[in-house]
Amino acid sequence: MIYDKLCNVRHYLGLSVEMDQALQFIASNDLNTFAPGSHEIGNGIYFDVVNDKTKLRDACRWEAHQKYTDIQILLEGTDRMGSQPVRDLEIETAYVPDIAFYRDNGRGLFVDVRPGYFTVFFPWDAHMPLISQGDPAPVKKIIFKVPVE
C-alpha cells in the first residue's frame, strides 16, 4: 500500500509502464473536471469517478484484485481506508471477475484519506474502503484501475 500527498505522485514513477502512464495522467490533469462514470486513458488503464457514501465499519468488507492495481483519490469528503496483506486473510468470495472478498480478522492499518491524498493498493494488498468516522457521509472519489503486468 502507498499513502501519500497527491503532489508527490511523480515520486512513484518507475514501477511499470502502465503505472507511469496513470501517474503522469494524474499529475497532469485537474481530476475535479471529470464527470461521474468510467473513463479510459489507454493501455487497459481506466478510472471511475464515483459518488458514494461511507458506512459503519461492520458493514465494510476486505477486498482485493488480481488483474489491477487500484489508485484511489479523494475529491470530496473523508474516506477511512484499511489495508493489510491478502495472505493474512481468509477468502470469503473468490475473484469474480476481478474482485475477491475476505473475512474480517479484526486487524489492518487504517488511514483517513482526504482530498489532496491518494492510496495505491497492489494485488497483494487487501483493502477496506468507505469506512465512516461516525454517521455515514458522502464522498466523491476517483478509482484508477491499472493493469498488472
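I began with Phe 34 in this predicted model and found that Phe 34 is buried, at a relative accessible area of 19%.

Phe 34 is in the loop between helix 1 (17–28) and strand 2, whereas Phe 47 is in strand 3 (residues 45–53), 13 residues away. Both belong to one aromatic cluster, together with Phe 25 and Phe 144.

I turned to Tyr 46 and Tyr 68, an edge-to-face pair with 5.8 Å from centre to centre and 80 degrees between the planes. Because Tyr 46 lies in strand 3 and Tyr 68 in strand 5 (residues 68–76), the pair ties together parts 22 residues apart in sequence. Tyr 46 is partly exposed at 22% relative accessible area, and Tyr 68 is partly exposed at 22%.

My count of aromatic pairs came to ten.

I also checked Arg 61: its charged end sits over the ring of Phe 101, 3.8 Å from the ring centre.

Six strands form an open, antiparallel sheet in the order 1-10-5-12-3-2. Strand 1 (2–5) and strand 2 (37–42) each have a single partner strand, so one side of each lacks a neighbour in the sheet. The twist averages 20 degrees from one strand to the next. Strand 1 pairs with strand 10 (residues 117–121) over four antiparallel bridges, and Asp 4 has Phe 118 in strand 10 as its bridge partner.

How values were computed:
Residues numbered from 1 in each chain as written. Predicted model: local features only at pLDDT ≥ 70, side-chain atom pairs only at ≥ 80, totals over all residues. Heavy atoms only, no water. Pairing = 2+ DSSP bridges. Helix = DSSP H or I, 4+ residues; strand = E, 2+ residues; numbered from the N terminus. Axes fitted to C-alpha atoms, helices over the stretch in contact; angles between N-to-C directions. Phe/Tyr/Trp six-rings, centres within 6.5 Å; stacked < 30°, edge-to-face > 60°. Buried < 20%, exposed > 50% of the residue type's maximum accessible area, 1.4 Å probe, protein only. Lys NZ or Arg CZ within 6 Å of the ring centre and 35° of its normal.
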